[in-house]
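This briefing covers a sheet and its helix, then aromatic ring pairs and charges over rings. Please read it alongside the chain shown here.

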Amino acid sequence: MECVVAEPVDCVPSPGGNEISSNPNKIIVEPLVVDHVQMTKATQMLDVSDVGSDEMDIWDELPDHGTLEEDEIPSDGMRFAKLQLAHDFYVSYAKKVGFATKIRTTTFDKITKEPVNQAIHCNRDRIRGSRVKTPTCKNPISAAGCKARIYVKFDKEKQEWLFFKVELRHAHPCSAKKAVHYREYRQLSMHAKYVIQNNDEAGIRPNKTFLSLANEAGGPSNLGFSEKNLRNYITTRLRTSNANADVREMMNYFMRMKDINPNFFYAVQLDDECRFRSAVWVDARCRASYEYYEDVVSLDSTYSTNRHGLPFASFVGINHHGKSTLLGCALLGNEEIPSYEWVFTQWLTCMGTAPQCIITNQCRSMFGAIRKALPNTRHRWCIWHIMKKFPQKLGGYRRYGELYADLRNIVFNSRMEESFERKWFEFMEEYNLHDNTWLLDLYDDRRMWVPIFFKGEFWAVMRSTQRSESMHAFYGGILHSKTSLVQFVHEYDNVLGSKEQRELEDDAVDSRGVIPCATSSPMEKQFQQEYTTSMFRDVQVEFVKKADCRASVVTEDWPVVYMKVEEKKLVHDTMICDSYVVHFDRSTQEVRCECNLFESSGVLCCHCLEVFHLFKVYKVPSCYVLPRWSKNIKRKHTYIKSSHDVSRSDVSHDAFKGLCAHFYNIAQEFVNDDDETALLHAALEETRAKLSEHRAKKRSESVAENHTSIGSQHSNVPGVVDIQAPPLVTTKGRPKSKRLGSTLEKSLNKSSRRKNKNASRVVRSNTYQDTNTGDPIARTVPEQVGSFSYQNRTGDRTDQVTGSLGHWFNRWVTG
């Protein structure tokens, strides 16, 4: 756009219509005659100072140049190779003496459209009143009619820019100490950006990052930016604000991961209008680990924390240490059957084989999708979600305390399917619950959640989706309703890295040694040498419980012996005795207990161990030592490193990181001697001077016309640029909070406190204890991942010297 600006004039009209003399030595202000109305308007403009104020009479002098070199002070005739260099020079001068600048006018050539001259003023030169109301003005600047300015024009003969008029006197005080806090001079250093980006990816809160940087610099006043600037950088640079760009950047992330490792899998579903609907992605390490952990998979989709409202689902398995491991993630367009079916189909395409068992929440859409996409997979509902609904569905009954205790006993302590069904009918008859449709529906779906109907099936000790929900805890506090998709997948990177590190640490513990045996049994010694440490602890529990068991022969039909094992248990300060039937084959040494602990978890129960001890079996048959929990197997995925988006960092950040690492290695070697430290400072100053001279030479020769752009080094492939953001998803009544059950839990807790206050006879526990197996079935406390940010310890001299050198080096590198 063409802009024609008149030549600069010497006199500028004041607000009252008077003129200020252009005499550089003195400012003459004519007396003002203002009526009452004008005076009222003037007092309303608190951010605008009259040109005829006392400040104008007092301040009409040069700022302090005592700390500046002669060539750092602007003067007529100074020449520069580029207009930007001239502007930067004046801005640098302004910051050093204590005022801010503003480009007032720029004149362009009418033919070439290139700038030919420019006027750069002190930002307090305003002589007009602000049109913005004072209470709503965010950045008030007091107008002082200051005439400090420079004019730059282009010399066509020499092809250079020169100062042809310089005015250095100000009509207001200048303070270099205050200038560092001006909005115009607040900027993040390269070191600060690097730390902010790393801490943001690690989930460290912005206020903690700001405190860390402030401590490193010796206080917030030495930073040169505020906490608000730090938060704005995270919002504008590290998180995409545009919804369409957010989706496209996520697609670019998937393609980068595919380039890093071809085994990275992703699939994206678009609608007819090319809008994003759903996505599935699986890391190469996850795909390799599925070969060993495909027996049991947990899927939970109650976590919805992103700006588009897309439900997030994670496939979670159990590794050889008995801990959660990620097997894939998905963002669903909605919670209908076709959406789930597409996710399962793509995930199955990635993995190649369907899981043997899958456990989900009580979602009808997910149930229908699994029947279509995974027809041969055993499906189970999360029993914790069902039991959690009991207070809401049945809390209104008068005998709720007795009702709840009896129902739990029927669900968890039934030994046979027939006994469960018989006790259920008796329970419904006793409490007259024939009209309760919720209980009737639960009975119709009893094969989906009651433990007895999963007798003899391996579930790796999983009866709920607590594994998935504990995985979601990694995202808690980091992701929120305004989280972009790009940030979401980046946090997925972090979770993968955390899980990989945790598994490597557990493997290292197993390779280092073994924990002592709890008994003198040679069978326990056998498990100690085979199983991972965490799983061996579960085995030890059974060996300890074996001391409370007594076995006796019931009947014998050679070679099968039917044993009765009585186990004493302490439940709620009451000693009870449970009996179990164990089948033992003397010829093959095969054993089977009706508690089905081995069949469901792969750990021999204390009842079977007692039978082995009675018949003097001192070595466990190999069929009872599962490779699933072995620490002696080399698994392929342990040789694969989880993918990490290395392109997230700018090129300049990578170079900065390398220079800092080199400097710190040198600094830590020479910080113990004052003379060596002084030599290092001198060497750095000399190197900095040489680099500045080299940069000036390059600019004068105009070698670097085009600077390398900082940012993502990839380009959008055809098709990605056309993808649009998804519409806001309307979920099935999901509350606004992160988890589906959070509002319900708050309501139940409040109701429970009220009932306990009014009627102390009803006591309910938050953790449901299984009197049969002794396993808690309530939701476990999720694992937490810690992180920290580095801070210098001021008490240590080495850290003090290294910190001061590091702060100086950061300014030197970024300069």
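The points below are grouped by topic.

This is a predicted model, in which local features need pLDDT of at least 70 and side-chain atom pairs count only at pLDDT 80 or more, while totals for chains, interfaces and linings use all residues. Residues are numbered from 1 along each chain as its sequence is written, and side-chain values use heavy atoms, leaving out hydrogens and water.

**Sheet**
- Five strands, in the order β3-β7-β6-β5-β4, form an open sheet with antiparallel pairing; strands pair if DSSP finds at least two bridges between them.
- Strands (E, at least two residues) and helices (H or I, at least four) are DSSP runs numbered from the N terminus.
- The edge strands, β3 (79-80) and β4 (101-108), each pair on one side only.
- β3 pairs with β7 (residues 160-167) over 2 bridges in the antiparallel sense, with Arg79 opposite Leu162.

**Aromatic pairs**
- Rings of Phe, Tyr and Trp (its six-membered ring) pair if their centres lie within 6.5 Å; planes under 30 degrees apart count as stacked, over 60 as edge-to-face and the rest as tilted.
- By this rule there are 35 aromatic pairs.
- Phe210 and Phe225 pair edge-to-face, 6.3 Å centre to centre with 75 degrees between the planes.
- Phe420 and Trp424 form a tilted pair at 5.7 Å and 45 degrees.
- Phe420 and Trp424 are about one helical turn apart because they lie 4 residues apart in helix α15 (residues 417-430).

**Charges over rings**
- A charge sits over a ring if NZ of Lys or CZ of Arg is within 6 Å of the ring centre and within 35 degrees of the ring normal.
- Lys153 has its charged end over the ring of Phe164, 5.1 Å from the centre.
- The charged end of Arg380 sits over the Phe454 ring, 4.2 Å from its centre.
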